[in-house]
Amino acid sequence: MAERFVSRRNLEFLLYEVHRVERLSAQPYFSDHSRETYDLVLDTAMKIARDLMYPHLQEMDQKAPVLENGQVKVHPAIKGIMKEWGEGGWIAASMPYEVGGQQLPTAVATACNYVFAAANFSSTGFPLLTAGAAHLILSYGSDDLKETYAPRMLAGEWQGTMALTEPQAGSSLSDIVTRAEPTDGGYYRIRGQKIFISAGDHDAAGNIVHMMLAKIKGGPPGAKGISLFLVPKNRIKSDGMLEPNDVTVATVYHKLGYRGCPITQLSMGENDDCRGYLVGEPHKGLSYMFQMMNEARLAVGMQAASIASAAYYAALEYAKERPQGRKISSKDPLQPQIPIIEHADVRRMLLFQRGVVEGSLSLILQCCTYSDLSRTEDVEQSQRYALLLDLLTPVAKSYPSESGILAVSQGLQILGGYGYCQEFPLEQYYRDIRIHAIHEGTTGIQALDLLGRKVVMKNGQAMRLFLEEVGAVVQEAAQDSELSPYAERLKGALDTLGQVTMRQVQFALQGDVETFLADATLYLELFSIVTIAWQWLAQGIVARKALDAGCSPLDAQFYQGKIHAMRYFFHYEGPKTAGLAARLMEADGLTVNMTAAAFDD
Amino acid sequence: MKSLVCLKQVPDTETQIKVNPDGTGIVTEGIKYVINPYDEFSVEEALRLKEKFKAGEVLILSIGPDRATEAIRTALAMGADKGIHISDESLNNSDPFVIAQALAAAAAQTEYDIIFCGHRAIDDDFGEAGAMLAELLKLPQVTLVTKVDIADDKTKAIVERDVEGGKETVEVPLPCVLTSQKGLNEPRYASLPGIMKAKKKPIDKKTAADLGISPEPKLRSNAYSMPPERTAGKKFEGMEPPDVAKAVVQALRNEAKVI
Ligand SMILES: Cc1cc2nc3c(=O)[nH]c(=O)nc-3n(C[C@H](O)[C@H](O)[C@H](O)COP(=O)(O)OP(=O)(O)OC[C@H]3O[C@@H](n4cnc5c(N)ncnc54)[C@H](O)[C@@H]3O)c2cc1C
């Protein structure tokens with residue numbers, strides 16, 4: 001049976017037709033690349049995903065990592081996967097040639113990661129964290145740290161992590177208490193606890209390199225006193241050999257999903273012999289870490305969309321093959337049953353999945369394209385793209401994560417009772433996707449980031465650019481008679497978003513920040529629907545043009561399917577903006593003013 | 001060690017093949033093409049020989065329409081050095097004899113210590129090109145190869161091949177033609193650096209005229225058809241196990257006529 005977890009055709013549509021990544025080759029950084037390279041890169045990613053990663057999906061879920069004699073043991077396939085990602089150049093894909101990268105646009109690299117994650121999400125945690133950590137070292141580390149650590153990480157030999165969270169400090173990183181004490185030896189002595197650290201220890205890597213936030217003794221309180229340290233599991237002796245660095249694994253957690261990747265609790269300095277190497281300047285750690293966090297947030301959105309993609313294709317295949325019931329209009333029991341895809345309600349569920357999956361992927365690739373475009377030497381343009389990326393990152397992280405949960409749930413629903421059982425992958429996808437609304441900043445935190453920071457930053461400049469970008473698509477769609485009703489709807493939603501934003505910001509201006517941000521998550525939801533509708537309309541424009549220009553029957557079917565899915569999004573998801581806006585305009589502080597005691601009944 | 005690898009681009013095994021309405025071929029629109037899996041074993045083996053001898057060359061030879069360049073490029077991205085792409089309308093969709101003649105003519109213009117072919121291509125399943133090529137070049141051949149050891153002086157190879165239920169080990173002088181079978185190796189994936197390098201590696205385009213051949217096919221395909229749809233199975237219910245067993249045996253003997 002052909003196992004399908006992504007659509008190659010859709011990836012090409014989004015990369016080449018909608019986001020036009022070939023135009024990036026005009027920039028010196030990407031000038032060696034062309035569609036021919038991208039196609040070959042995608043071919044290879046598809047092959048690796050299918051042959052090397054997908055076959056272990058289920059087993060990695062069933063045989064979760066274990067802690068044995070202080071060492072976490074992961075599924076043996078991880079070693080081969082890390083090796084391939086390293087030797088094949090996937091970890092360094094978008095990094096510069098000088099460090100062994102291939103300067104691939106992040107849009108293309110992300111498309112490949114999407115393919116990998118759709119095949120086996122858990123296994124992508126290892127190399128993606130390693131890539132982010134290595135990038136952090138290369139951006140802010142000393143030459144010594146760069147030379148010692150980055151090459152081995154990019155080769156897939158050593159694992160990188162982000163070690164932020166502590167038992168008492170998750171969302172609120174300013175409250176971390178891990179301590180760093182300066183020494184004369186060119187290192188700091190680290191003491192503290194970190195919790196939930198992904199890939200924080202395992203036997204598929206020769207060493208683990210933690211990018212760890214800690215506070216230097218005597219530094220300023222809160223976020224301004226956070227510094228970034230490189231804390232290896234094993235440090236390197238003067239003879240080049242490794243020796244333990246007093247990092248102990250206290251626990252490996254049993255969890256709902258994402259079971260192929262170990263989540264560890266770490267204890268540093270139990271014997272007062274844990275060395276950390278300062279990255280960059282003291283007290284600037286959080287701002288450095290934001291580079292890795294922002295990359296990771298896009299990666300989380302991408303992973304969520306990829307799981308939802310795998311769930312969609314599994315549900316679609318099932319819906320075509322499962323005979324059950326008859327058309328409402330023909331109840332003759334002597335007639336054979338029809339495949340459930342013939343039922344309107346099942347089609348609704350499939351369309352919802354498509355709406356979420358393809359809308360999310362398009363937004364993520366849009367963000368990646370902004371990131372790639374921001375490499376331009378034109379300073380003003382570069383800032384423009386960077387601002388747009390900044391604004392949209394919380395949306396690209398949280399919409400796929402939250403809606404992805406619902407999309408996978410609908411996929412599972414399509415399989416009925418079978419969806420709930422282990423024989424089909426849906427129940428695993430449902431468990432796997434749940435993490436994405438939690439790690440890398442919960443949805444609540446993304447919402448605060450969007451409304452409390454991004455929308456208002458630089459006097460609302462990013463928001464203005466966003467309105468411009470969406471406005472341009474609205475204008476283009478308005479030229480097409482079939483799309484103009486949708487242009488109209490998006491314009492209406494955009495106006496609503498503008499009004500709601502003004503209303504919320506008024507509270508901020510009045511100094512009532514509690515009311516301002518009380519419903520930030522609803523605001524994020526409203527903002528997300530508008531954003532995804534924009535991405536769908538952009539896809540609709542391309543599809544309409546292609547159909548007008550004339551294309552093969554197979555392509556015509558693809559583009560018509562796109563337009564159907566776009567229409568679904570506008571007719572079924574779009575109207576939700578009205579309800580959200582109605583509530584947001586009330587802004588009465590209902591949740592702010594309630595007492596905690598009122599919950600106890 | 002110079003290896004010549006004959007490689008065919010074929011539809012991906014995951015592609016749903018449909019016969020075109022007039023039954024003259026398959027519908028090609030929307031097909032994703034890949035390197036014939038048996039030829040991937042050949043590429044891998046050739047790369048390993050080059051790595052083992054720390055010298056030499058892996059030359060890819062492919063016949064096919066323009067799109068076949070993708071397959072050659074993929075082999076170059078795996079690490080092969082050069083490609084020859086024979087692209088000629090008169091050779092597309094031709095029979096194994098014509099293909100073997102073209103391969104032989106192209107091979108005659110190159111240098112090699114060994115030639116690899118897949119033991120068959122998964123699209124038309126003829127499995128003849130390798131053997132015919134060896135005949136035309138008057139070279140010894142070993143088919144269904146699962147292990148290759150080349151003597152240090154490169155005069156002979158010790159080769160393991162599949163035989164019914166086991167293995168046969170043969171010694172063959174070089175140059176020779178080997179046809180690769182599953183089990184020969186685990187082909188590597190192309191790497192990103194490999195893909196970037198592959199862009200700059202040469203692919204020599206040739207026509208039938210360049211090869212000095214105007215071959216006549218010996219086979220003509222008259223019609224293509226899909227296998228009949230699988231009919232529904234038969235259920236044996238409401239019987240005691242010994243009776244079910246009897247009924248199944250009878251059905252297999254009398255109805256299905258398979259035992
Ligand atoms: C599988 C997994 C992998 C992880 N991987 C890593 C990793 O690799 N590295 C790492 O450092 N961490 C990692 N984490 C930790 C993760 O980032 C945190 O769990 C997350 O940031 C939330 O922190 P918390 O669990 O302490 O919850 P809390 O911060 O206690 O939050 C609990 C709830 O309160 C809400 N809340 C908290 N503060 C506010 C606020 N100010 N306003 C409104 N609502 C608020 C949150 O939205 C949430 O709903 C991982 C966690 C898991 C489960």
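The contact between helices α2 and α5 of chain A is where I start. On the α2(A) side, Tyr38(A), Val41(A), Leu42(A), Ala45(A), Met46(A), Ala49(A), Arg50(A) and Met53(A) meet residues of α5(A), among them Val108(A), Phe116(A), Asn120(A) and Ser123(A). Contact here means C-beta atoms, placed from the backbone, within 7 Å. The residues of this contact divide into 13 nonpolar, 2 polar and 1 charged. Nonpolar covers Ala, Val, Leu, Ile, Met, Phe, Trp, Tyr, Cys and Pro; charged covers Asp, Glu, Lys and Arg; the others, Gly among them, are polar.

This is a predicted model, where local features need pLDDT of at least 70 and side-chain atom pairs 80 or more, while totals for chains, interfaces and linings use all residues. Residues are numbered from 1 along each chain as its sequence is written, with chains lettered from A and ligands numbered from 1 in the order in which they are written.

How do the axes of the two helices lie? They come within 9 Å and cross at roughly 5 degrees. α2(A) and α5(A) are therefore roughly parallel, a term for angles under 35 degrees.

Next, α5(A) by itself. A straight helix of 35 residues would span 51 Å at 1.5 Å a residue, but α5(A) spans only 20 Å between its end C-alpha atoms. α5(A) also has a kink of about 125 degrees, centred on Asn120(A); the bend is the angle between axes fitted to the seven residues ending there and the seven starting there.

Last, the two chains. Their contact takes 19 residues from chain A and 14 from chain B. On the chain B side, α5(B) gives the most, with 4 residues.

Conventions: Axes are lines fitted to C-alpha atoms, for helices over the stretch in contact, and angles run from 0 to 180 degrees between N-to-C directions. Angles under 35 degrees count as roughly parallel, over 145 as roughly antiparallel, 65 to 115 as roughly perpendicular and the rest as oblique. Two residues are in contact if their C-beta atoms, placed from the backbone, lie within 7 Å. The expected span of a helix is 1.5 Å times one less than its number of residues.
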